Amino acid sequence: MDLETIENHFDNDNKKNINNETNIDTVASTSLGSAVCETILPSVPLQSLETIEKSIQKKYRSALWTPFVKALKEFEMVKDGDRIAVAISGGKDSLLLSKLFQELKRASRTNFEVVFISMNPGFNTANLNNLKKNLKHLNIPCEIYDDNIFEVAEKIAKDYPCYMCAKMRRGSLYTKATSLGCNKLALGHHFDDVIETTLMSMFYMGKFETMLPKLKSDNYDIELIRPLFYVEEKAIIKWVRNNGILPMNCGCTVAAEKTSSKRRETKDLIAQLVKSNPDIKKRIIQSTQNVNLEKILGWKDSDGKYSYLDKF
Ligand code: SF4
């Protein structure tokens with residue numbers, strides 16, 4: 001999940017470590033998956049693998065499968081010859097993403113390969129065992145590899161470990177995926193991660209940018225894709241709860257006590273706004289597709305910074 005886990009990990013303290021040039025993509029991915037460290041408890045006993053898999057194509061088809069396929073098509077995320085590494089953090093988002101890719105492999109005529117990887121940054125035993133149990137039950141053949149990122153992040157950035165942790169986790173996954181011959185790395189960021197990150201960029205970083213559905217890595221020969229771009233978090237929560245799956249929460253052993261509530265606040269604000277305008281999330285996404293450069297004070301690209309006064 002964490003391109004994935006900036007996820008809640010964006011806080012005031014982190015901001016002290018993140019200057020205004022920091023890429024939102026790094027910021028927003030402090031935790032390879034989702035945003036807020038919350039435990040999601042199942043509402044029913046763990047269902048059979050067959051029931052869980054069927055639910056993706058039947059009960060949750062319109063909420064999960066359809067938006068997944070829409071993002072794949074719209075942003076051309078999967079092509080013939082691709083070898084895709086799906087990063088599993090153990091949270092709800094990456095577990096769903098893995099099952100969606102298995103379904104896609106069965107249903108699609110596109111000739112691609114998929115492998116599942118999970119980096120253990122120093123999870124405690126209970127979390128690690130829960131991850132293994134979920135992988136086994138869900139029939140996800142995943143390679144778990146160790147990378148003592150929690151320990152290193154705490155050592156070199158004791159007070160504000162999240163920024164360092166996020167960077168190292170991303171780098172670790174890129175390295176692992178590349179070593180497995182993959183040309184793409186799929187992360188579990190969902191629709192609400194995108195919305196929240198867009199607003200947080202404005203509120204706390206003073207810039208307008210969003211999480212992109214796919215991007216090329218600057219340092220690795222690999223593309224990062226976010227196939228859950230259009231999948232709403234509430235649908236993922238329903239899917240895990242109603243199938244009896246107990247996903248890992250953040251799993252952090254370093255900063256669980258230090259992270260603050262900026263993402264939570266943003267999430268709550270959006271929920272509040274949705275009450276009076278149910279389409280508000282769609283509008284936020286649309287705003288990232290309809291930037292009017294004639295009605296904006298300034299913008300920048302890889303060549304430099306521009307002001308509307310340049311052409312005044
Ligand atoms: S230190 Fe913990 S809370 Fe911070 S980014 Fe890493 S996993 Fe997330």
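## A tour from helix pair to sheet

Start by selecting Lys92, Asp93 and Leu96 in H5, which meet Ile236, Ile237, Trp239 and Val240 in H10. Sort these contact residues by class and you get 5 nonpolar, no polar and 2 charged. Before you go on, keep in mind that this is a predicted model.

Two packed helices are described by the angle between their axes and the distance between the axes.

Show the strands and follow them in the order E5-E4-E3-E6-E8-E7, an open sheet of 6 strands with mixed pairing. At the edges you'll find strand E5 (142–146) and strand E7 (214–216), each pairing on one side only. Look along the sheet and you can see its neighbouring strands turned against each other, by 25° on average if direction is ignored.

Select E6, residues 184–186, together with E8, residues 223–225: they pair in the parallel sense over 3 bridges. Which residue of E8 does Lys184 stand opposite? Click across from Lys184 and you land on Glu223.

Now bring back helix H8, residues 161–179. Which strands does H8 lie across? Colour strand E3 (83–87), strand E4 (113–120), E5 and E6, and you have them. Against E4, the helix runs at about 140°.

Most residues other than glycine have a negative phi. Select Glu76, in the loop between helix H4 (61–74) and E3. Glu76 isn't a glycine, yet its phi is positive, near 45°. Is Glu76 buried or exposed? Glu76 counts as exposed, because it has 10 C-beta neighbours inside 10 Å and the cut-off for exposed is 12 or fewer.

Asn139 is another residue that is not a glycine but has a positive phi, here about 55°. With 12 C-beta neighbours inside 10 Å, Asn139 also counts as exposed.

Terms used: Residues are numbered from 1 along each chain as its sequence is written. This is a predicted model: local features need pLDDT of at least 70, side-chain atom pairs count only at pLDDT 80 or more; totals for chains, interfaces and linings use all residues. Two strands pair if DSSP finds at least two bridges between them. Helices (H or I, at least four residues) and strands (E, at least two) are DSSP runs, numbered from the N terminus. Axes are lines fitted to C-alpha atoms, for helices over the stretch in contact, and angles run from 0 to 180 degrees between N-to-C directions. Two residues are in contact if their C-beta atoms, placed from the backbone, lie within 7 Å. A residue is buried if 20 or more other C-beta atoms lie within 10 Å of its own, exposed if 12 or fewer, and partly exposed in between; C-beta atoms are placed from the backbone. Ala, Val, Leu, Ile, Met, Phe, Trp, Tyr, Cys and Pro count as nonpolar, Asp, Glu, Lys and Arg as charged, and the others, Gly among them, as polar.
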